[in-house]
Amino acid sequence: MPALVLLGAQWGDEGKGKATDLLGGSVDYVVRYQGGNNAGHTVVVGDQKYALHLLPSGILSPTCVPVIGNGVVVDPSVLLSELSGLNERGVDTSKLMISGNAHIITPYHVTVDKVTERFLGKRKIGTTGRGIGPTYADKINRVGIRVQDLYDESILTQKVEAALDVKNQVLTKLYNRRAIAVDQVVEELLGYAEKLAPYVADTVLVLNQALEDDKVVLFEGGQGTLLDIDHGTYPFVTSSNPTAGGACTGSGVGPTKISRVIGILKAYTTRVGAGPFPTELFDADGDALRRIGGERGVTTGRDRRCGWFDAVIARYATRVNGLTDFFLTKLDVLTGWEQIPVCVAYEIDGKRVEELPYSQTDFHHAKPVYETLPGWSEDITKAKSFSDLPKNAQNYVRALEEMSGAPISAIGVGPGRDETIEINSFL
Ligand code: IMP
């Protein structure tokens, strides 16, 4: 049975939570495969609004098993408080599974993240300050702490010692900070062991068996394609692989098992943090998109940078992820504009360029080439089918589809769970 990947086609915050939750009822497992509590999903269920950072949004579905895969970085204090917050609101979280191979974000990773950003000054990345980059750096440097290490005190102590050896030198000598005590970190981490124990599992085995048993497994990417460490706007990226390949490495499920890769695509563009963004608006239109779209980060509370739709980026996302479908979100936010510009290509040093340039220098110089499409003023939030949309909204969707290289199979027309038009079923 199918394994599906659902991921952000732009710079994140495309509204994945809603898409995942919409599929939740028919999905048996929802898996996060990368990132950590730098992500932020807002999921609206009935009159309840949930902000999730680390947990897969499938946690809100009573029939679905949420899984935190090996590719995720886990801050145990955040995880436990997210779980207890949901429990207090009556959500059953007992089915959660966490890979023993997932890496742990410790307080020293958070410290290093913040200190590094401060010292980068105007060259800073604008990270979420959650310790994501330093935790992945330790993983690659082979001095990381994994969830399974919480269950062997001696190994844990050795590993924390190894990790802090160099870090304390850097913190004290370079950044003029106090050294971090090994015992204190070990004690804090051991304090989480018992609480996390019921959730720790061999998730690779569980997921592969589930697929053999014809279960539906949904992989949920955090962040977005352009924030991918390999394929994004490096260095203004996160430190993991939100792109489709990351679903395999971050879960231990092979690529032959994946049947569908769905890109979540906002009807306009946003990004948080630093880095190039060709269609960014600094005028009243940008302010209006921010206000109407509620474009404020779920995780950091930062205002998102806003701009028009960029088809060059959408085409790129189709290519690097092998997208089979798009889920277009927030179409309702565009209601009321008489004309809607869409970026169809870039102008770089006087030349028209149709595809995303591989050179960072070129991308920083890219100016959007716009085509303008006629807007609509009718309320679309009650539309149930494509034909319910005003003609100009239909034409906008069709134009985006043609430019972006994959069919638009669903459209979000409002924040509520049922404010979605399904065109082709995902299952
Ligand atoms: P980090 O992931 O905290 O290291 O931040 C690296 C970059 O990714 C920064 O520009 C962040 O603003 C951005 N980022 C991280 N998580 C998200 C997300 O969920 N949505 C949008 N941007 C994100």
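**Exercise 1.** What distance separates the centres of domain 1 and domain 2, taken over C-alpha atoms?

*Solution.* The model is a predicted one. Begin with the division of the protein: domain 1 comprises 3-91 + 203-422, and domain 2 comprises 103-198. Taken over C-alpha atoms, the centres of these two domains lie 29 Å apart. The contact involves 26 residues from domain 1 and 19 residues from domain 2, where contact requires heavy atoms within 4.5 Å.

**Exercise 2.** State how many helices and strands the protein has, and determine why it counts as being as compact as a globular protein of its length.

*Solution.* The secondary structure consists of 12 helices and 20 strands. Next, take the radius of gyration, which is 22 Å. For 427 residues the globule rule gives 22 Å, and the two values are close, so the protein is as compact as a globular protein of that length. The span of the C-alpha trace along the principal axes is about 65 × 50 × 40 Å.

**Exercise 3.** Describe the burial, the surface and the contacts of the protein.

**Exercise 4.** How far apart are the mean positions of the positive and negative charges of the protein?

*Solution.* Count the charges: 43 are positive and 52 are negative. The mean positions of the two groups are 4 Å apart.

Technical notes
Residues are numbered from 1 along each chain as its sequence is written. This is a predicted model: local features need pLDDT of at least 70, side-chain atom pairs count only at pLDDT 80 or more; totals for chains, interfaces and linings use all residues. Side-chain values use heavy atoms; hydrogens and water are left out. Helices (H or I, at least four residues) and strands (E, at least two) are DSSP runs, numbered from the N terminus. The radius of gyration is taken over C-alpha atoms; the globule rule is 2.2 Å times the number of residues to the power 0.38. Buried means under 20% relative accessible area, exposed over 50%, partly exposed in between (1.4 Å probe, protein chains only). Accessible areas come from the Shrake-Rupley method with a 1.4 Å probe; for residues, only the protein chains shown count as cover. Lys and Arg count as positive and Asp and Glu as negative; His and the chain ends are not counted. The place of a charge is taken as NZ of Lys, CZ of Arg, CG of Asp or CD of Glu. Domain bounds come from an automatic or database domain assignment.
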